[in-house]
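Let's take a friendly walk through this chain, from its overall fold to a single residue. Have a look at the sequence and the model first.

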Amino acid sequence: VITKSLKDVMVFNRLGYHAISPQSESFQFYESIIDELKQRFKQITILYDNDKVGIEYAKLMSKEHQLNYIIPPDKDLTDTFSKSGRTITSNFLKQHGFIK
């Protein structure tokens with residue numbers, strides 16, 4: 001998962017998924033980095049914040065690198081985890097094709 005913040009990376013880690021976060025949602029990954037990630041992982045998904053900037057850059061990066069993206073139900077995945085708990089957060093991810 002490519003996500004927005006270290007706190008989201010920690011939530012993904014707690015749920016058993018690998019995740020990274022760039023310095024900002026507008027960060028432009030080199031194609032070589034994306035190629036390396038594609039070689040290492042079966043599935044790469046972008047999950048940025050559920051706001052104008054996050055959605056805009058998730059769509060842009062998805063199109064540029066042929067990656068899937070999803071939008072969290074709350075502002076970010078950490079908010080979903082904090083408000084709704086582990087089970088609901090895990091179910092949300094499973095509904096969007098996340099597998100372990």
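## Fold

Helices (H or I, at least four residues) and strands (E, at least two) are DSSP runs, numbered from the N terminus. With that in hand, the chain reads β-α-α-β-α-β-α along its sequence. The radius of gyration is 13 Å, close to the 13 Å that the globule rule gives for 100 residues, so the chain is as compact as a globular protein of that length. Here the radius is taken over C-alpha atoms, and the rule is 2.2 Å times the number of residues to the power 0.38.

This is a predicted model: local features need pLDDT of at least 70, side-chain atom pairs count only at pLDDT 80 or more, and totals for chains, interfaces and linings use all residues. Residues are numbered from 1 along each chain as its sequence is written, and side-chain values use heavy atoms, leaving out hydrogens and water.

## Packing

Of the 100 residues in the chain, 41% are buried. Buried means under 20% relative accessible area, exposed over 50%, and partly exposed in between (1.4 Å probe, protein chains only).

Now for contacts, meaning heavy atoms within 4.5 Å. Among those between residues at least 6 apart in sequence, 55% join residues at least 24 apart.

## A residue to look at

Find Gln66 in the loop between helix 3 (52–65) and strand 3 (68–69). Its phi is near 55 degrees, a positive value in a residue other than glycine. Most residues other than glycine have a negative phi. Gln66 is exposed, with a relative accessible area of 60%.
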